[in-house]
Amino acid sequence: MAIVVRVATFAALLAAATASLTATSPLAAQYAAGDAQRGAQLFARLPCASCHDITKPWPGGDVCPNLGNIATEAARIVKSREYRGKARNAAAYIRESIVDPNAYLVPGPNYRTAEGKSVMPQDIAKTLKPAELDDLVAYLLTRH
């Protein structure tokens with residue numbers, strides 16, 4: 001029952017967030033390859049929404065990091081000394097996190113498997129078309 005209520009609450013929040021996407025953020029505008037509105041719909045349809053909360057700030061999630069301000073955090077992470085991935089900007093970091101969830105593991109014991117890998121599905125990017133991945137990145141760049 002709690003999951004059903006959480007999904008319903010998320011759906012309402014997603015509808016409000018999607019409506020505000022017409023005023024695209026500067027970061028999303030830099031990532032012109034995707035459509036943030038389609039990305040919001042995709043985020044809701046995929047398993048993303050069952051683990052990531054887009055209404056609360058990063059990291060903070062019980063199972064996976066919250067993504068409420070992922071655009072800001074992504075820009076910070078790629079500049080940090082701890083980051084060892086290949087991305088050099090927020091859009092590339094978000095894409096990398098979807099395509100290779102182990103490129104950078106967000107600190108927190110709940111975000112790793114017993115083997116030390118990310119709890120995020122390792123093959124999620126293989127289920128997406130390139131345009132869908134672009135849309136998802138564009139949407140997440142609107143989350144400040």
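Start in the middle. The largest nonpolar core has 34 residues. Phe 43, Tyr 93, Ile 94, Ile 98 and Leu 140 have the most contacts inside it. A nonpolar core here is a set of buried Ala, Val, Leu, Ile, Met, Phe, Trp, Tyr and Cys residues joined through side-chain atoms within 4.5 Å. Buried means under 20% relative accessible area, exposed means over 50%, and partly exposed is in between, with a 1.4 Å probe and protein chains only. Two or more core residues come from each of α3 (36-45), α4 (48-51), α5 (70-77), α6 (90-99) and α7 (130-140).

A word on where this comes from. The model is predicted, so to speak of local features we need pLDDT of at least 70, and side-chain atom pairs count only at pLDDT 80 or more, while totals for chains, interfaces and linings use all residues. Residues are numbered from 1 along each chain as its sequence is written, and side-chain values use heavy atoms, with hydrogens and water left out.

How confident is the predictor? That is pLDDT, the confidence in each residue, from 0 to 100. The protein averages 83, and 78% of the residues score at least 70. Residues 10-30 are below 50, and that stretch has 29 contacts in the model beyond near neighbours in sequence. Where pLDDT is low, the predicted coordinates should not be read in detail.

Now the overall layout. The protein has seven helices and zero strands. Helices (H or I, at least four residues) and strands (E, at least two) are DSSP runs, numbered from the N terminus. Of the 144 residues, 44% are buried. Contact means heavy atoms within 4.5 Å. Among contacts with a separation of 6 or more, 56% join residues 24 or more positions apart.

Next, helix packing. Two packed helices are described by the angle between their axes and the distance between the axes. Axes are lines fitted to C-alpha atoms, for helices over the stretch in contact, and angles run from 0 to 180 degrees between N-to-C directions. Under 35 degrees counts as roughly parallel, over 145 as roughly antiparallel, 65 to 115 as roughly perpendicular, and the rest as oblique.

Take α6 and α7. Their axes come within 9 Å and cross at roughly 125 degrees. The two helices are therefore oblique to each other. From α6, the contact uses Ala 91, Ile 94, Arg 95, Ile 98 and Val 99. From α7, it uses Leu 133, Asp 134, Leu 136, Val 137 and Leu 140. Look at Ile 98 again. Beyond four places in sequence, Ile 98 is in contact with Met 120, Ile 124, Ala 125, Leu 128, Leu 133, Leu 136, Val 137 and Leu 140.

On to α3 and α7. These axes are 7 Å apart, at an angle of about 100 degrees. That makes α3 roughly perpendicular to α7. Residues making this contact include Phe 43 of α3 and Leu 140 of α7.

How do α5 and α6 cross? At roughly 100 degrees, with axes that come within 8 Å. That makes α5 roughly perpendicular to α6. On the α5 side the contact is made by Ile 70, Ala 71, Ala 74, Ala 75 and Ile 77, and on the α6 side by Ala 90, Tyr 93 and Ile 94.

Zoom in on Ala 90, in helix α6. Is Ala 90 buried or exposed? Buried, at 4% relative accessibility. Ala 90 touches Ala 71, Ala 74, Ala 75 and Leu 141, leaving out residues up to four places away in sequence. Ala 90 and Ala 71 are 19 residues apart along the chain, and their C-alpha atoms are separated by 6.1 Å.

Now the loops. Arg 88 lies between α5 and α6. Arg 88 is exposed, with a relative accessible area of 62%.

Ser 118 sits in the loop between α6 and α7. Ser 118 is buried, at 11% relative accessible area. Not counting residues up to four places away in sequence, Ser 118 touches Pro 101, Asn 102, Leu 105, Tyr 111 and Thr 113.

One last stop, in the loop between α4 and α5, where we find Pro 59. Most peptide bonds are trans. The one from Trp 58 to Pro 59 is cis, with omega near -15 degrees.

Terms used: pLDDT is the predictor's confidence in each residue, from 0 to 100.
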